[in-house]
2 protein chains.
Amino acid sequence: MKAYVEWKGGMLLEGKNAEGMSTFFDSHHPEQCYGTPMEIMLQAMASCSIMDVISILEKKRKTITALHVEVDSDRSDGHPKVFTAVRLRYTLISPDAELKDLERSVELSQHSYCSASAMFQKAGCEVSWICEVKAS
Amino acid sequence: MKAYVEWKGGMLLEGKNAEGMSTFFDSHHPEQCYGTPMEIMLQAMASCSIMDVISILEKKRKTITALHVEVDSDRSDGHPKVFTAVRLRYTLISPDAELKDLERSVELSQHSYCSASAMFQKAGCEVSWICEVKAS
């Protein structure tokens, strides 16, 4: 996999994938419009897992009305400030999925499929999660 | 650090940082407009390092005319497809920085400061880099 990242002035950076699709990164300052690299790395990890969960729920022929994940994390105090713990709360709204469907999907993602979470876990980060399903 | 990721239909996901700034993630399909989580994770790693390099060059009072990083990577064949090697090529255009200035900045980033690269390295990924400086 290839990537390209270009400085756009200040701390604003434009990342591009092999097809030229952009993602912007910035640091904390008053005119900031984009997340920081570590914020976006954390979102990428949750996103990677959510895509697994969507695929698995679709294979189970479950209806997804809405799905979101709230993430909280801890980082080490000193440099480099690696993630030491990530806690994910998966919330699914569905008329036909049960809690066990979501739980099994998340377990498959976190234990077998999610490449980003596997990177976090291999780096010594403790990844934990809870699931909730609301009917709609 | 907190994050929030919401499903927007298909495989499109919207990530938000604590201040509500958005980053979009998608999977490969014909109408895709955004990078995948693993592509953006790789860009986040390079971006984290570039921000260190910018800070260090600014402390050295060097002028940055342009700066970009080309990234290539390998991933494991089976699931989870973790990054096994990342190769970064830092290119700086500057009227007053020398190659040793860029090399020292990248070494400090990669060995001490860059939280994202440290996550990759702790996960067993081999991170390597080359530097080039062009006068302007």
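Which residue of chain B forms a salt bridge with Asp72(A), and how far apart are the closest N and O atoms? Please set that pair in the context of the interface between chain B and chain A.

Analyst: In this predicted model, Asp72(A) forms a salt bridge with Lys2(B), and the closest N and O atoms of the two are 3.4 Å apart. Asp72(A) belongs to strand E4 of chain A, residues 66-75, whereas Lys2(B) belongs to strand E1 of chain B, so the pair joins two chains. There is also a salt bridge between the side chains of Lys2(A) and Asp72(B), again with 3.4 Å from N to O.

Within it, Ala3(A) has Val71(B) as its bridge partner in E4(B).

Seen as a whole, the interface brings 66 residues of chain B into contact with 66 residues of chain A. The size of an interface is often given as the accessible area lost when the parts come together. For chain B and chain A the buried area is about 5900 Å², with 69% of it on carbon and sulfur atoms. On the side of chain B, Met1(B), Trp7(B) and Met119(B) lose the most area to chain A, and together they account for 14% of what that side buries.

Polar contacts are present as well: the rule finds 19 residue pairs in polar contact across the interface of chain B and chain A, counting pairs in which both residues have pLDDT 80 or more. Several elements of chain B each supply at least two residues to the side that touches chain A, namely strands E1 (2-7), E2 (13-16), E3 (22-25) and E4 (66-75), together with helices H1 (37-59), H2 (99-113) and H3 (115-122). Of these contributions, that of H1(B) is the most, at 15 residues. Sorted by class, the side of chain B that touches chain A consists of 38 nonpolar, 17 polar and 11 charged residues.

The C-alpha trace of chain A spans about 50 × 35 × 30 Å along its principal axes.

Arg61(A), in the loop between helix H1 (37-59) and E4 of chain A, has phi near 60°, a positive value in a residue other than glycine. Pro80(A) sits in the loop between E4 and strand E5 (83-93) of chain A, and a cis peptide bond with omega of about -15° joins His79(A) to Pro80(A). In chain B, His79(B) and Pro80(B) are likewise joined by a cis peptide bond, with omega of about -15°, and Pro80(B) is in the loop between E4 and strand E5 (83-93) of chain B.

Conventions: Residues numbered from 1 in each chain as written. Chains lettered and ligands numbered in written order. Predicted model: local features only at pLDDT ≥ 70, side-chain atom pairs only at ≥ 80, totals over all residues. Heavy atoms only, no water. Contact = heavy atoms within 4.5 Å. Buried area = accessible area lost by both parts, 1.4 Å probe. Salt bridge = Lys/Arg side-chain N within 4 Å of Asp/Glu carboxyl O. Polar contact = N/O pair within 3.5 Å; in protein donor to acceptor, adjacent residues only side chain to side chain. Helix = DSSP H or I, 4+ residues; strand = E, 2+ residues; numbered from the N terminus. Nonpolar A, V, L, I, M, F, W, Y, C, P; charged D, E, K, R; others polar. Pairing = 2+ DSSP bridges.
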